[in-house]
Amino acid sequence: MGPVAWLREKRREKLAALHPIDDEAWDWAVRHHRVLDGLSPGELAKLRSMVAAFLAEKKFVETRGAVADADARLSIAVQACLPLLELGLRWYDDWETVILVPKEFNYTRRDVDSAGIVTEWDDELAGQVLELGPVVLSLRDVDASGWGDGFNVVIHEFAHKLDERDGELDGCPPLHRGVSASAWRKAFRAAWTDFSERAKKPAPWGKRKRGKGALPLDSYAAESPDEFFAVACEYFFERPFRLRDAYPEVYAVMKDFFRQDPAERLSRAGLTGRA
Ligand SMILES: [Zn+2]
């Protein structure tokens with residue numbers, strides 16, 4: 001860590017000490033978010049301090065009638081900080097605003113093909129990242145996140161933030177020295193190819209369903225390599241056994257990147273039933 005990063009870290013520790021999370025709120029956050037299951041007391045204490053600094057540093061902007069109470073903000077902060085537990089909050093240094101909307105929102109996507117034909121279509125989004133800018137989150141989807149079922153809009157959108165840190169939203173965040181770049185590329189390319197092929201095939205009963213016999217991850221992962229990475233992050237923290245079973249090489253490089261092993265910590269806590 002260089003001197004500037006070190007000073008920032010010190011400033012953060014001070015911020016966290018100045019704006020601590022009170023015990024009652026923290027107990028609620030730990031009980032309410034199954035995605036935190038298996039964290040040791042030491043890891044939870046570290047997360048609590050990061051969450052306090054996150055809440056003091058980032059701006060929350062409520063739009064379209066959204067009202068985010070203290071619990072909602074805490075819930076966002078807890079899930080935003082979990083992936084950075086062993087990486088540090090400096091990974092979020094390049095942006096500062098979280099825009100909140102009440103529910104899923106329509107977004108017009110635009111594509112221009114090689115012949116210059118413009119196609120526009122409406123997509124319903126639970127969250128979005130604005131390039132090098134704010135993160136947009138639907139509060140209804142924040143509420144549906146963190147339950148250990150594989151859906152997590154907070155982890156999903158913040159994964160895009162990590163991905164775009166090197167200037168490119170391509171499913172590969174800037175890798176630190178603990179991760180083999182070639183192993184990363186190989187694992188994600190193979191998994192993405194496999195998944196997008198499987199997603200094209202009609203599932204039994206004519207439609208895709210989560211669960212037994214269906215795709216191992218949410219079908220949204222088939223959209224593009226960057227969406228595959230964001231969805232893989234949701235599963236890495238929410239349903240790690242499922243990701244590890246489906247794509248063990250992807251799980252292994254993500255474990256090196258996040259310096260966390262959620263499957264191992266759930267096993268240690270006797271929570272192997274989270275398949
Ligand atoms: Zn996405």
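In which sense, left-handed or right-handed, does α7 pass α10 in their crossing?

## Model and numbering

This is a predicted model, in which local features need pLDDT of at least 70 and side-chain atom pairs count only at pLDDT 80 or more, while totals for chains, interfaces and linings use all residues. Residues are numbered from 1 along each chain as its sequence is written.

## Packing of α7 and α10

The crossing of α7 and α10 is left-handed (the near helix is turned anticlockwise from the far one by less than a right angle; clockwise would be right-handed). Helices here are DSSP runs of H or I with at least four residues, strands are runs of E with at least two, and both are numbered from the N terminus. Helix α7 (residues 181-200) packs on helix α10 (residues 248-258) at an angle of about 145°, and their axes are 8 Å apart. Axes are lines fitted to C-alpha atoms, for helices over the stretch in contact, and angles run from 0 to 180 degrees between N-to-C directions.

On the α7 side the contact is made by A183, W184, A187, F188, A190 and A191, and on the α10 side by E249, V250 and V253. Contact requires C-beta atoms, placed from the backbone, within 7 Å. Eight of these residues are nonpolar, none is polar and one is charged. The nonpolar class is Ala, Val, Leu, Ile, Met, Phe, Trp, Tyr, Cys and Pro, the charged class is Asp, Glu, Lys and Arg, and the others, Gly among them, are polar.

## Core and buried face

The largest nonpolar core has 61 residues, and V51, F54, A77, C81, L137, A232 and V250 have the most contacts inside it. Such a core is a set of buried Ala, Val, Leu, Ile, Met, Phe, Trp, Tyr and Cys residues joined through C-beta atoms within 7 Å. Helix α8 (residues 225-238) gives the largest share of this core, nine residues. Outside four places in sequence, V250 touches A187, F188, A191, A232 and L243.

In α10 the buried residues are V250, Y251, V253, M254, F257 and F258. A residue is buried if 20 or more other C-beta atoms, placed from the backbone, lie within 10 Å of its own, exposed if 12 or fewer, and partly exposed in between. The cover over the buried residues of α10 includes α7, α8 and α9 (240-246).

A52, in helix α3 (residues 41-57), is buried because 23 other C-beta atoms lie within 10 Å. Beyond four places in sequence, A52 is in contact with A16, H19, P20 and I21.

## Strands

An open sheet of four strands has the order β1-β2-β6-β5 and mixed pairing. Pairing requires at least two DSSP bridges between two strands. The twist averages 20° from one strand to the next. β5 pairs with β6 (residues 135-138) in the antiparallel sense over three bridges, and V129 stands opposite V135.

Eight bridges join β3 to the antiparallel β4 (residues 118-125), where E120 stands opposite R110. The hairpin of β3 and β4 has five residues between the strands, and G116 in that hairpin has a positive phi near 85°.

Most residues other than glycine have a negative phi. R64, in the loop between β1 and α4 (70-81), has a positive phi of about 50°. R64 is exposed, as 11 other C-beta atoms lie within 10 Å.

R259 has a positive phi near 55° and lies in the loop between α10 and α11 (262-268). R259 counts as exposed because it has 12 C-beta neighbours inside 10 Å.

Notes. Contact = placed C-beta atoms within 7 Å.
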